[in-house]
Amino acid sequence: MEKLSISIEDVRFYANHGVFEQEQVVGNEFSVSVSIEMPVIKTIENDDLADTISYADIYDVVSFEMKQTSKLIENVAYRILNNIRKKWNEVDIISVKVEKLSPPIMSFEGKASVVLTYEKD
């Protein structure tokens, strides 16, 4: 069976996720990537948006969840993944990566990230 993969990658947000009170007040920059995989049914042949999942709709889910403050980026990834699962039952695989671009760690240069993956049985 053919599978279709749809992704949004490195979408930037400014949000107030973090364990420390200061992070929840001043916020931080985040990057989110989401990839879904689903069977190809009619999408490619029909050239009709109604037969697929729009990456704009995936973005809307991510944007909504990024506005809900969490202490842990793990929780943010979990909420994004579960929102996608609830909205689109036809999705077989979901991968969500949430990156904190400037974590408040002394002398740390880089980013911190979590990746959460779901695969239908």
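Modeller: Strand β2, residues 28-39, is mostly covered, with nine of its twelve residues buried. Buried is under 20% relative accessible area, exposed is over 50%, and partly exposed lies in between (1.4 Å probe, protein chains only). This is a predicted model: local features need pLDDT of at least 70, side-chain atom pairs count only at pLDDT 80 or more, and totals for chains, interfaces and linings use all residues. Residues are numbered from 1 along each chain as its sequence is written, and side-chain values use heavy atoms, leaving out hydrogens and water.

Colleague: How many bridges join β2 to strand β1?

Modeller: First, the terms. Strands (E, at least two residues) and helices (H or I, at least four) are DSSP runs, numbered from the N terminus. Two strands pair if DSSP finds at least two bridges between them. Here, eleven bridges join β1 (residues 3-15) to β2, and the strands run antiparallel. Eight bridges join β2 to β3 (residues 93-100), also antiparallel.

Colleague: Which residues stand opposite S31?

Modeller: R12 stands opposite S31. In β3, the bridge partner of S31 is E99.

Colleague: How is a pair of aromatic rings described?

Modeller: By the distance of the centres and the angle of the planes. Rings of Phe, Tyr and Trp (its six-membered ring) pair if their centres lie within 6.5 Å; planes under 30 degrees apart are stacked, over 60 edge-to-face, the rest tilted. That rule gives one aromatic pair here. F13 and Y59 are stacked, 6.0 Å centre to centre, with 15° between the planes. The pair links distant parts of the chain: F13 is in β1 and Y59 in helix α3 (residues 55-66), 46 residues apart.

Colleague: Is F13 buried or exposed?

Modeller: F13 counts as buried, because its relative accessibility is 12%. Y59 is partly exposed, at 35% relative accessible area.
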